[in-house]
Amino acid sequence: MRALLRPVLAACLLVLLAGCASHGYQPQYLNGKLSLKQPLALPLATTLVRIRLVDDSTQADAPARLLAEQTLEKPKAFPLDFSLCYDKHAIQTGGSYSLQAQVYVDGELRLQNVGHINAFSAEHPQLQVEQIK
């Protein structure tokens with residue numbers, strides 16, 4: 001029974017992977033740097049950074065569609081590099097895409113970027129986060 005189960009699971013996995021390939025997923029990377037607007041002494045051991053690429057082209061009453069996200073736990077120092085992997089086919093000409101960055105300390109949101117940051121206005125976007133007031 002067990003000898004039969006392995007080939008069946010392997011075949012299912014191959015079918016699943018073939019289905020993903022037929023959609024034409026094409027990975028693309030957006031690399032950038034995140035820095036603090038003002039110098040702060042953060043307890044890096046309890047810090048978590050979240051950077052997102054979102055599609056702002058959705059309707060005004062709908063939330064932005066998440067295209068990529070990277071979470072960095074216990075960063076060594078700021079500024080820090082990030083790399084977001086997204087599907088190249090998800091980016092449409094004339095669309096509006098932005099970057100969002102949030103910094104959590106001890107599970108509480110402490111810093112974030114302010115305003116709209118165009119994700120594709122520069123080859124390597126530079127994000128700044130500032131304290132939430």
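Student: Why does Glu-69 count as partly exposed?

Tutor: Its relative accessibility is 39%. Buried means under 20% relative accessible area and exposed means over 50%, with partly exposed in between (1.4 Å probe, protein chains only). So Glu-69 is partly exposed. This is a predicted model: local features need pLDDT of at least 70, side-chain atom pairs count only at pLDDT 80 or more, and totals for chains, interfaces and linings use all residues. Residues are numbered from 1 along each chain as its sequence is written, and side-chain values use heavy atoms, leaving out hydrogens and water.

Student: What makes Glu-69 and Arg-52 a salt bridge?

Tutor: Their closest N and O atoms are 2.6 Å apart. A salt bridge needs a side-chain nitrogen of Lys or Arg within 4 Å of a carboxyl oxygen of Asp or Glu. The pair therefore qualifies. Glu-69 sits in strand β3 (residues 65-73) and Arg-52 in strand β2 (residues 47-55). Strands are DSSP runs of E, at least two residues, numbered from the N terminus.

Student: Why is Asp-55 called buried?

Tutor: Asp-55 has 7% relative accessibility, so it counts as buried. Its salt-bridge partner is Arg-65, with the closest N and O atoms 3.2 Å apart. Arg-65 is partly exposed, at 41%.

Student: Why is Asp-81 called exposed?

Tutor: Asp-81 reaches 53% relative accessibility, so the label is exposed. Asp-81 meets Lys-33 in a salt bridge of 2.7 Å, N to O. The two lie 48 residues apart.

Student: How many salt bridges does a search of the whole structure find?

Tutor: Six.

Definitions and conventions:
Helices (H or I, at least four residues) and strands (E, at least two) are DSSP runs, numbered from the N terminus.
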